Amino acid sequence: MYRKARLFYLAWTTPCQRGGACLAMYRHFVLREDFDLFVASSTPFEHTQIPSLLIRRHPLLIRLSNTRFCRLIRQFEMTVEPYWILKQIEPAFREFSPDAIFTIPDNTLSWTAYLLAQQTGLPLITNFQDWWPRGQFTFNLEKPYPIIRELIERRFDQMYQASA
């Protein structure tokens, strides 16, 4: 009997019908049903057949994001928070026991996926849609400081090199 590959989907863009990348992921992963899927995201995801985990921001980070320190908090989230997110997702990851990890680069959850793949030795599958370290910051208060931009660009390249 054929066993579907188990894929741990870890990205802020969930496979849903909201449009754009979300819709593309929905078509690849939900409509086709080629994989047993687990979705872990900071964006809510609800599907009756697919288990999921909502990754929550720390309440203090949410509060500080609404102050003059918001740019500093965003830098922290891109550089340090992935290590904390690992602890949040670890129980669900172990229970699901995937064969591979899928991500879409976003500077935070994608780096968590990279770290998880490095720790477990599982293949990392990455859908590179944009050059996130440079172009995806809507507000000036989100833009990385130059030293942080260099770090996330190196990480972006590392994800590219490590992707199966």
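**A pocket and the sheet**

Strand β2 gives three residues to the lining of the second largest pocket, the largest share. This is a predicted model: local features need pLDDT of at least 70, side-chain atom pairs count only at pLDDT 80 or more, and totals for chains, interfaces and linings use all residues. Residues are numbered from 1 along each chain as its sequence is written, and side-chain values use heavy atoms, without hydrogens and water.

The pocket holds about 190 Å³ of space. Of its 13 lining residues, Lys-4, Glu-33, Phe-35, Gln-49 and Ile-50 are the closest to its centre. Two elements give two or more residues to this lining: α1 (20-31) and β2 (35-41). A pocket here is an open set of 1 Å grid points where a 1.4 Å probe fits, with protein on both sides within 12 Å along at least five of seven lines; lining residues have an atom within 4 Å of a point. Helices (H or I, at least four residues) and strands (E, at least two) are DSSP runs.

Now the sheet. Five strands form an open sheet, in the order β3-β2-β1-β4-β5, with parallel pairing. β3 (52-54) and β5 (124-126) are the edge strands, each with a single partner, so one side of each has no neighbour in the sheet. Pairing requires at least two DSSP bridges between two strands. Three bridges join β4 (residues 100-103) to β5. Phe-102 stands opposite Ile-125 in β5.

Helix α4 (residues 81-96) lies across β1 (5-10), β2, β3 and β4, at about 170° to β1. Contact means heavy atoms within 4.5 Å. Axes are lines fitted to C-alpha atoms, for helices over the stretch in contact, and angles run from 0 to 180 degrees between N-to-C directions.

Terms used
Grid points are joined across faces, edges and corners, and a volume is the space filled by probe spheres set on the points.
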